[in-house]
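Student: I have a structure open and would like to go through it with you. Could we start with how the strands are paired and then move on to the helices?

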Amino acid sequence: MAEGKSSFVYVTYIRTTPEALWEALTTSDFMRKYWFGVTFDTDWKAGGAWKMVYPDGSVTDSGEVLAFDPPRRMVLKWKHENRPELACEGYALCTIEIEPHDGAMKLTICHEMERTGSKLIEAVSGGWPRILANLKSLLETGDVLWRTKAG
Amino acid sequence: MVAYYLAMDDVFRALADASRRQLLDRLFAEPGQTLGALCQGLEMSRQAVSKHLAILEEANLVATLKRGREKLHYMNPVPIHEIADRWIGKYQRAPLDALAELKRTLEGEDHG
């Protein structure tokens, strides 16, 4: 990796349409089913703010929608708010892309930050696999795999 | 389901090779490496590494990003997670499903 950078990329293939996948990524009622009750409080417009809201109303992460191009690509500025050691790192960039691939949708999640050994990047990278597994299962079978965050 | 099982075959086949597992370990330790960086300190030829990476990418165990002229490689844990879900997840789901069933039963009775 280039010096002064932290990043990860996760890819999953989901047998669905770009529209259904995009709706799953941006609709609160859908999102809370696979994201352990979490929703995004935002009007999903480039330049607008977003907040990640837990069922008890607490906000852990927030940022700005930098690009919003349905049903293909969104870019979010991403900052953690609760844990001081993560909050002090400032903003990361999260890019979410959907590309049709061989009869399925290729969903790519990329998180990056201009900082070596970012704790924020490490923290968010741990959360995505289970969220993506749930999202894939929900879209393909109508049910999630994991109902609680701890496994 | 056929495609699903074929995809899983690719994952197991890709993992059934010590050199490829070594490449995954190196990408896990340091995400976003170029082919050149990955080859450093390895006894494999650049060509062999490139071939292994193609197999890993085909199995979706490696994801790549293009940054200018560089191609950056990342270990993608999602397929391994799907394998865990497939065989291990169901053991952990059972108690949760039982609780959900209990809740449905109790709430069903409450509301007549």
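This is a predicted model: local features need pLDDT of at least 70, side-chain atom pairs count only at pLDDT 80 or more; totals for chains, interfaces and linings use all residues.

Student: OK, and what does β4(A) do with β3(A)?

Tutor: Strand β3 (residues 49–53) of chain A runs antiparallel to strand β4 (residues 59–69) of chain A, and five bridges join them; one pair of bridge partners is Val53(A) and Val59(A), the latter in β4(A). β3(A) and β4(A) form a hairpin with five residues between them, and Gly57(A) in the turn has a positive phi of about 95 degrees.

Student: In what order do the strands of the sheet come?

Tutor: The open sheet of chain A has seven strands in the order β1-β7-β6-β5-β4-β3-β2, with antiparallel pairing. Its edge strands are β1 (6–14) and β2 (39–42) of chain A, each of which pairs on one side only, and neighbouring strands are turned by 25 degrees against each other on average, direction ignored.

Student: So which strand does β1(A) pair with?

Tutor: β1(A) pairs with strand β7 (residues 104–113) of chain A in the antiparallel sense, over nine bridges, and within this pairing Tyr10(A) stands opposite Ile109(A) in β7(A).

Student: Which strands does α4(A) touch?

Tutor: α4(A) packs on the sheet and touches β1, β5, β6 and β7 of chain A, its direction making about 5 degrees with that of β1(A). Helix α1 (residues 18–26) of chain A lies across β1, β6 (92–101) and β7 of chain A, and runs at about 155 degrees to β6(A).

Student: Something else: is Asp143(A) buried or exposed?

Tutor: Asp143(A) counts as exposed, because it has 12 C-beta neighbours inside 10 Å and the cut-off for exposed is 12 or fewer. Asp143(A) is found in the segment after α4 (119–141) of chain A, and, leaving aside neighbours within four places in sequence, it is in contact with Ser137(A) and Leu138(A).

Student: Switching to chain B, at what angle do α2(B) and α4(B) cross?

Tutor: The axes of helix α2 (residues 18–29) of chain B and helix α4 (residues 46–58) of chain B come within 10 Å and cross at roughly 80 degrees, so α2(B) and α4(B) are roughly perpendicular to each other. By class, their contact has six nonpolar, two polar and one charged residues; among them are Leu23(B) and Leu24(B) in α2(B), and Leu53(B) and Ile55(B) in α4(B).

Methods:
Residues are numbered from 1 along each chain as its sequence is written. Chains are lettered from A and ligands numbered from 1 in the order in which they are written. Helices (H or I, at least four residues) and strands (E, at least two) are DSSP runs, numbered from the N terminus. A residue is buried if 20 or more other C-beta atoms lie within 10 Å of its own, exposed if 12 or fewer, and partly exposed in between; C-beta atoms are placed from the backbone. Two residues are in contact if their C-beta atoms, placed from the backbone, lie within 7 Å. Two strands pair if DSSP finds at least two bridges between them. Axes are lines fitted to C-alpha atoms, for helices over the stretch in contact, and angles run from 0 to 180 degrees between N-to-C directions. Angles under 35 degrees count as roughly parallel, over 145 as roughly antiparallel, 65 to 115 as roughly perpendicular and the rest as oblique. Ala, Val, Leu, Ile, Met, Phe, Trp, Tyr, Cys and Pro count as nonpolar, Asp, Glu, Lys and Arg as charged, and the others, Gly among them, as polar.
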